[in-house]
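Thanks, everyone, for making the time.

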Amino acid sequence: MKQVVQNYKSGELTVLDVPVPGCKPGGVLVRSAFSLISTGTELMKVSEAGMSMLGKARSRPDQVAKVMQSVATNGLPATYSKVMGKLDSYTPLGYSLCGVVEQVGSGIDDVKVGDLVACAGNEHALHAELNWVPKNLYSRVPDGLEPRHAAFGTVGSIALQGVRQGEPRLGEVALVIGLGLIGQLVVQLLAASGVRVVGADPDPARCELAEHLGAEACGDPESAAVEAAVAELTGGHGVDQVYLAAGGGSNQPVELAARLARDRGRVVDIGKCRLDLPWNAYYEKELDVRFSRSYGPGRYDPAYELEGRDYPIGYVRWTERRNLACFLDLLSRGSVDVEPLISHIADFDDAVETYRRLKDGDLKAVAVLFRYAEEEAAEAVAPAVALPTVKRTGGATSTPARAAGKPVRLAFVGAGNYATSMLLPHLAGREGVELSTVVTTTALSAANAQRKFGFAEATTDLDAVLDDPSVDAVFVVTRHSSHAELTQRALLAGKAVFVEKPLALTEDELAGVLAAVEKSGNDRLQVGFNRRFAPLLQEARQRFGARTGPASLRYLVNAGRLQHGSWYLQQGTEGSRFAGEGGHFIDTASWLLGADPVSVYAVATAGADDLQVVLRYPDGSTATISYVTTGAPGFPKETLDLVADGKVLRLDDFVRASVHGGKRWVSSRLPKARDKGQNAELAAFVKAVRTGGPMPVPLESLVATTAATLAVPAGLAAGVPVTLAGAR
């Protein structure tokens, strides 16, 4: 694997091929998706490495003292040899990342393979493709939080611990000196705590950014603006807290803190600045000077960090790991926004050039991220409530990864309008994909698909495709009545399967699919529920954030009338319209609510053309799907409202979305076309087939959505809610 390393003696910075770390007990092996460059700590280390030996000594007097002590103890020759050997070796960089769990060590039961985690530690969260991370230095990423944002977890924990040391209280006023990455996060955390913030930094751009993120006023520490703002906000008394988030050799920050703090105020050192305290100024105000030790209690304690020994929460409320989890939660709920802090995202292969540009000043940045080649694997789908009726025996639940450079070979069964308009255009010409064979019941449609999309072969012989060991995955894009049977056959043949909705039209068909999974041990199945992958809905869900209470969801589907002759009208063989299409909307609701429904209640107008389907979820949330055919054709087809915790998410037919809450967000501009997620869904499926990783949506969720769809006619017939067997 590749890792960024530096030779401290020569200053050489390189991306080195190194062995993959083993997955030891008490931790997990994590494949990096994004890692964050600390533009303060890391650049200081990079700059020091480029200095002369004298310059290195001057910059690290603490290390010089250790060397002199070693000389006194071990003698000059031995000390020299030891120091030169240590300097002339590669050292790692990085300490804050987000990635996907690739392997779980013994003794770990809180995460599983495929989970998205944020990781900390300058020995365990390095700029490397793979890292082994002990239990107390990782935390699972909340559903919906983007991996690039979760990569801020460690740095956010540092800021959070600093704020905790300041003990802010509602209505107080704080001064943040230094508006780099840590300072910007401190500003947001204080504002979220109900504290009014003044910022000080010589960079006008950083001052402007801090004001955008919640500071009342910001300015150059040498100007009168900062002092005037403090006087106005505090009535001349001075700020309650000062947070030193600056670096460098100037003593100005501690002097400014003394001048602008109130009597008996608190001064918290988070950064690494000069601390020659002016005795009279600090004594006369009896200022309380506090230090913030990195991410929180547990830092530098091997028993905590390496052996996984937690501190009892009754005695230590906020440890390293609990701080990390807390910051991730604040991100997911929108209390802190790190997106404006991201100045640049660089490919990991460009790491050396990125550091050079930062060091030389060519790249001005608050935060820079490395993006790894496999970051799309970290786009996790919200987990669903498991249904115990899903059984797997006789085989593994994942397939081996494809050999490097070998394309994923796909076969299509069916090439109708949906396949040729919504699926194949996204797959034809896609890197790493080979369209192997198209199978249709008529030779002409197969030949047309072959010509248009470049299939290697066209045939009407399905058995030949299923028996072909070179075919990795089969797409079932036929009429609804054949979906379950074709899916069973493909699963039993050992293929990964993408089947368009619905998966099944009856409970017996669904049971048959599950029987095929159990018999073959092959659960490599995806149903075409694409809306959860729609970029606009994904962003709206992220902006809405996590919730604490039950939610109410309303989904209006203005389905409209079918044209005469449509095969959708053949309900005797192809099922009802809702049976064929309703899974889309149930899946979307369940994904937004983060669970699977436990009961279904349905009512209909005369003739059952218009339906009202009410879904109940384990936490008391409800979703009402209004599936109507009698609306105005000019009205949007799909509108959705999600209400919870004083917030409202609204989606208008995949062209506009908004979130109303503490802050209002509206999607910036109308897209060129409605993106209902097909491209992203296909990318996720192909990725899973290529890597052998988990399918984009858990099988249990696919089954639960199908079961809920099938429960609608039963509910209509009974006139009472239908409890979904096995749901929990």
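I will take the cavities first, then the helix packing, and then a few backbone details in the loops.

Please keep in mind throughout that this is a predicted model, and that the values I quote are computed from it.

Let me start with the empty space inside. Rolling a probe the size of a water molecule over the atoms shows where empty space is left. Which residues line the largest cavity? The lining is made up of Lys-501, Pro-502, Leu-503, Ala-504, Phe-529, Ala-579, Gly-580, Gly-583, Thr-705, Thr-706 and Thr-709, and the elements that contribute two or more residues to it are helix H22, residues 577-593, and helix H24, residues 699-718. Sorted by class, that lining has five nonpolar, five polar and one charged residues.

The second largest cavity has a volume of about 50 Å³, and among the residues lining it are Asn-136, Thr-154, Tyr-295, Glu-320 and Arg-321. Here the elements giving two or more residues are helix H6, residues 153-166, and helix H13, residues 320-332, while the lining divides into four nonpolar, four polar and two charged residues.

Let me return to the largest cavity, where two of the lining residues I listed, Lys-501 and Pro-502, are joined by a cis peptide bond, with omega near 0°. Pro-502 sits in the loop that runs between strand S21, residues 496-499, and H19.

How do the axes of H22 and H24 cross? They come within 9 Å of each other, at an angle of roughly 130°, which means that H22 is oblique to H24, and the crossing of H22 and H24 is right-handed. Helix H19, residues 507-520, also packs with H24, at an angle of about 165° and with the axes 10 Å apart, so H19 is roughly antiparallel to H24. In this case H19 passes H24 in a left-handed crossing.

Elsewhere in the chain, helix H15, residues 417-427, and helix H23, residues 678-691, have axes that come within 9 Å and cross at roughly 60°, so that H15 is oblique to H23, and H15 passes H23 in a right-handed crossing.

Now to the loops and the backbone. Asp-645, in the loop between strands S27 and S28, has a positive phi near 55° although the residue is not glycine, and Asp-653, in the loop between S28 and strand S29, likewise has a positive phi near 55°. Is each of these residues buried or partly exposed? Asp-645 counts as partly exposed because its relative accessibility is 38%, whereas Asp-653 counts as buried because its relative accessibility is 4%.

Within H20 itself, which spans residues 535-544, the buried residues include Leu-536, Leu-537, Arg-541 and Phe-544.

Finally, Lys-406 lies in the loop between strands S16 and S17 and is partly exposed, with a relative accessible area of 46%. Its C-alpha atom is 7.1 Å from that of Gly-432, which is 26 residues away along the chain.

I will stop there and take questions.

Methods: Residues numbered from 1 in each chain as written. Predicted model: local features only at pLDDT ≥ 70, side-chain atom pairs only at ≥ 80, totals over all residues. Heavy atoms only, no water. Buried < 20%, exposed > 50% of the residue type's maximum accessible area, 1.4 Å probe, protein only. Helix = DSSP H or I, 4+ residues; strand = E, 2+ residues; numbered from the N terminus. 1 Å grid on protein atoms, 1.4 Å probe; cavity = no way out; pocket = protein on both sides within 12 Å on 5 of 7 lines; lining within 4 Å. Nonpolar A, V, L, I, M, F, W, Y, C, P; charged D, E, K, R; others polar. Points joined across faces, edges and corners; volume = space filled by probe spheres on them. Axes fitted to C-alpha atoms, helices over the stretch in contact; angles between N-to-C directions. Parallel < 35°, antiparallel > 145°, perpendicular 65-115°, else oblique. Left-handed = near helix turned anticlockwise from the far one by under 90°.
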